[in-house]
Amino acid sequence: MKVQKAMKKIVAIGAGATMLGATIFGAMAADLSDYPSPFVKDGKFNTKIVIGAKAQTPDVIGAIDIANSLQFASRVAKDLPGSSGAVTIDNGVSMAASGRDIYMGDDINVTKQVVTSSDMPTLLKSGTVTNEDGTYTYNQQIVLPGGSVAFGDVSTDDSNDPFVYVNWASNDGYKMKVIFPQATNLTLADNEQITLFGKTYTVSGTSGEVTSTKVTLYSAALDQVFTAGESATVDMSGTPVDISVSGANSDAGTAVLTINGETKSVSKANTYTIGGQKVYVNDVFVTTVPTPSAAVRLFIGSEKIVLENGNSVQVGSTSTSDISGTTVTITAGSGKISQIEIDVQPRNVEVDSNTRDYTKVGEEFVDPVFGTFKLLFASLTPELMDASRDVIKLDTADPYLKLTFTNKDGNTYNGLRIAEGNTSGDGTGVSVVANNDPLLLLGGATISGASGNKNAFIVDADGNSYIMRLDKVYNSSTEAYIKLYDYATGQTTDKITVTSGAATYTLAGKTFTFTVPLLGAETATVSPANVNYVYTKSGAKIAINGINSTGGIDLTNLGDTNITVNLTEETSYNDWSGTPSWADDAGWVITYNNANSDNDMRISTVAVNATSSVQTSDSNKYELVSNYGTFIKTDTDSYDAEIYYPNTQMVANIFLAPVDSTASTSGASSGGTYYDTNRVQVGAAVLDTTVLSGYQDSNLIVVGGPCVNTVAAKLRNNPENCAEGFKDGEAIIKLYDTGKGKVALLVAGMSADDTVVASKILAQANALGSKVLSGSEVKTQTVTESVVTVQSA
C-alpha cells in the first residue's frame, strides 16, 4: 500500500470525546505531539513493541516501520573533541620541532638545538663588515639552552605555591654565535658598522680596543646626523637635549659641538661627555645637499660593549661592568677572528640585583647582552585546569570513599561510594558500602539482585566503563528476567529476559551475558566479568585495589588496612603514542587509620615515579603534575583528591622571539556536534502473550487491535465485541496511562491494512517537519491506497 507523505488533515480528539479502556493520563501530561517521547528518552530506546501472537503479516510490517523510525530517533547529540588551537608568535620561532612538542620533564632543546637565519631571518640575518682588506660575510645563530620543564615550589618565588616553569638550575645555557666563514681582521674595520642579533654597532677605532681576542663596539640610544651651522633639539628618554655643530673639518675628522650650552672640540671615533650627555662621534664628513657643508654623525647616549676572550661581557659608557652569567669565547688565528661566541647562563644573570633560576609559565627571559630577543614560556596546552580535561574526584568524607568520573559516553558517575570505614573502630579493616550499594570489584564475583542486598559492579565495554546495579533478578518456572540500573543515567532497564539461564545486554556495542544459576536464585554472574577499574572520557584508567570478592579489605595482599586507587595514563584506549611517564601502580593510597576513633579514610601518599606532591601556601593542600600533564590536587584536611586529566599529552609552548613579540592562539574550536546512535536492542519486539501479565511495567507500542492482540484488548477493557469502536477504513493512534508511570500507545485498525496505514503515519510523523499528531488520540482514515487522510474521531 502506498502512502502519500502529505497528510491532508489531522485533528486531535477533543476533551469531550469518550475515553476507552485504562485510566487516561491523570497527573501524567502525555501528548502525541511529544512523540517519540517517552518511547525514546535521552536518545535511548525506552519501550517494547508488542505484536499479537494471532496477528497477520501486515501488523508485523507496521511494527517494523515503527521500529525503524524509533531507531533513527534513538540518538543523542554529542560534542566532538575541541581543538585547543595552535599557539604561535609573530617573528619568532617555536623551540619545538615539527612533529615533536615539548612536554613536562623535557629539556627545552630536546627537539631543536640551533636557531638560524632560516628560522628568524631578521634577528639572525647574515651581514657583512668591511675592513682595509675587503668585505667579509658573517652568519649568526643561537644554540638553544637545556633547561627542563618542571613543576614545583621554587624557594626564590614569593608565592610559596607550586607552578610549571623552565628550570635553569643546572644546564648549559644558550650560546650566541657570530661566525665568519672567512676569518677577518677586525682591527682594520675601525668605525665600520656591524649588526649583531638585531642591534647595530660601530667597531671601535680607538687603539687597543680591538684585537684578535677583544672586540669593542659602540651603540647609541640615538643615531643622527647634524649639519654644521644648524641647531636641533632631540628627545632623550623624555629629556630635551639641545645640539649644534659650530664647524667641522672632514679631512681632519674634527668638529666643534655645543650640547646643552657646553662647547667642546671633538674628533671622530672617540667618546665624550658634553653637557651631561654621552656622545660617540661616529664620523665627520662633507654634505652636498641642499648646499655644500660639513656634517657630523653622532651616537648620542653612546654605550660600549666589550667582548673579550675568557671574560664576561662588559658594558658601560666611560667605565664598564660585567654582565653576570655571561662568558665570551673568541676563536682566532694569525690575528684574524673566525668566531665570536657568547655563553649566557640564565640562572646566573642578575635582574634587579637578584638572580633567578627559573622562568615560570606566562613569563619571559630577556637576553641581557643585546636586549633584542627573549625566551618566552607562553602557555600550556591544555592549561592545568582547562575545561577540556577530565575531572576525576576522590572524596573521603566520613565514613565513605567516593569516586566521581565521566565515561566515554559523556555520562558522569557522581560521588559513587566505593568503600566504607569500619564503624566499630576495632581496627578490623574497611568494609563495602552498605544500603544495597556495595561495589563488587574482582572479576567473576557473583552479583546479588536480592531485595536489600543489591550489588553494584563495573563492566568494561572496550574502554567504555559503566557502573551498574543488578536491580532485580526474577527466576521462576514460568518467567525469568533481570533488570539493570545505571548510576550515571539514573535509568533502570526494562525486563531483560533470561533464556536457558542467561540474559544478554549490549553496552557500547559489546554484549554482556548474565547467568542466573539456579531456579529461584536472585544472583548472577556476568561475562565478560565485572572489573575493578574504570576508563574516563579521555582514557585515564582508575583502578581500585584492595577489596576482596565480598567487598571487604583484602588483608592477605595488603597486610593491613589500605585501599589503593591507581591512575594509569597510558592505555590501549588512549590516543597517546608515547611512553608512560610513570608506573601503573603510581597513584593514591587511601588509608583507614585503625587508631582513629572517627574512622576517617585518609590519603596517606600521592606520588608519581617517586616524586611526591608539593605543598602549597596552604599547608593542607598539595599539588603534582605528571610528565603526561595530569594535574593532581589533594587536601590533607578534607582528605579529598581532584585529578585533571588531559585529552592529549600537555604541551609547553616555548618560543624564541624578538622582545616586542606576543604569542597568540588561533584555530581553537569547539569541535562541532555529532549524533551518537544507540542501538534498538535485540528483544525490543515481543509477543502479546509474553508481556500480558506485566504490561504495566514497561512503555509499550501495541500494534494491532483487540481481535489479534491480547494487550490491545486489555487496554480496551476486554470488550465483548473485539471490533467495538472500529470502522472499516479507519484506525486509531491512542495513548494510555497504564499506571506505574508507564505509557502504552495503541496503533490499530479495523483491518490489518488499516493498521499498516496508521503505523506508517506514526513512523513518518516526526519527519514531516510539523507536528501532525497531538492530544491523546487521533483517527486515521484510508481513502485510497495512495492517499491517507487523518480525520477527527
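Me: What makes E3 and strand E61 a pair?
Reply: Pairing takes at least two bridges. This is a predicted model, and in it E3 and E61 (residues 685-687) share three bridges in the parallel sense, so they pass the cut-off of at least two. Ile-51 is the residue opposite Leu-687 in E61.

Me: And how do you know that E3 pairs with strand E62?
Reply: Four bridges join E3 to E62 (residues 700-703), and the two run parallel. The cut-off is at least two, so that counts as a pair too. In E62, Val-703 is the bridge partner of Ile-51.

Me: Why are both faces of strand E3 called covered?
Reply: Look at the side chains of residues 48-51: Lys-48 and Val-50 on one side are buried, and so are Ile-49 and Ile-51 on the other. Buried means under 20% relative accessible area.

Me: What makes strand E64 largely enclosed?
Reply: Seven of its eight residues (the strand is 742-749) are buried, so the rest of the structure largely encloses E64. As for partners, E62 is joined to E64 by four bridges, running parallel, with Ile-701 opposite Leu-745. Strand E63 (residues 730-739) pairs with E64 in the antiparallel sense over eight bridges, and there Tyr-736 stands opposite Ala-744. E63 and E64 make a hairpin with two residues between them, and Lys-740 in the turn has a positive phi of about 60 degrees.

Me: Why do strands E39 and E45 count as edges?
Reply: The open sheet runs E39-E38-E47-E46-E45, five strands with antiparallel pairing. E39 (453-454) and E45 (502-507) each have a single partner strand, so one side of each has no neighbour in the sheet. E38 (residues 447-450) and E39 pair over two bridges, in the antiparallel sense; the cut-off is at least two, so this pair counts. Gly-449 has Lys-454 as its bridge partner in E39.

Me: Which strands are the edges in the sheet of six strands?
Reply: That open sheet has the order E13-E14-E15-E24-E25-E26, with antiparallel pairing. Its edge strands are E13 (193-196) and E26 (320-322), each pairing on one side only. On average, neighbouring strands in this sheet are turned by 35 degrees against each other, direction ignored. E13 is joined to E14 (residues 199-203) by four antiparallel bridges, and Leu-196 has Lys-199 as its bridge partner in E14.

Me: How many aromatic pairs are there, and what makes the one between Tyr-138 and Phe-180 tilted?
Reply: The count comes to 20 aromatic pairs. For Tyr-138 and Phe-180 the centres are 5.9 Å apart and the planes make 55 degrees. Tyr-138 sits in strand E9 (residues 134-143) and Phe-180 in strand E12 (residues 174-184), so the pair ties together parts 42 residues apart in sequence. Both Tyr-138 and Phe-180 are buried.

Me: Then why is the pair of Tyr-218 and Tyr-280 called stacked?
Reply: Centre to centre it is 4.6 Å, with 5 degrees between the planes; under 30 degrees counts as stacked, so that settles it. Tyr-218 lies in strand E15 (residues 214-219) and Tyr-280 in strand E22 (residues 277-287), so this pair links parts 62 residues apart in sequence. Tyr-218 has 6% relative accessibility and counts as buried, and Tyr-280, at 0%, is buried as well.

Me: How do you know that Arg-469 lies over the face of Tyr-485?
Reply: Arg-469 is at 4.3 Å from the ring centre of Tyr-485, and the distance cut-off is within 6 Å. Likewise, Lys-495 lies over the face of Tyr-481, at 4.6 Å from the ring centre.

Me: Last one: why does Ser-661 count as buried?
Reply: Its relative accessibility is 1%, and buried means under 20%, so Ser-661 qualifies. Ser-661 lies in the loop between strand E58 (651-658) and strand E59 (663-666). Beyond its neighbours within four places in sequence, Ser-661 is in contact with Ile-89, Asp-90, Asn-91 and Lys-374.

Conventions. Residues numbered from 1 in each chain as written. Predicted model: local features only at pLDDT ≥ 70, side-chain atom pairs only at ≥ 80, totals over all residues. Heavy atoms only, no water. Buried < 20%, exposed > 50% of the residue type's maximum accessible area, 1.4 Å probe, protein only. Contact = heavy atoms within 4.5 Å. Phe/Tyr/Trp six-rings, centres within 6.5 Å; stacked < 30°, edge-to-face > 60°. Lys NZ or Arg CZ within 6 Å of the ring centre and 35° of its normal. Axes fitted to C-alpha atoms, helices over the stretch in contact; angles between N-to-C directions.
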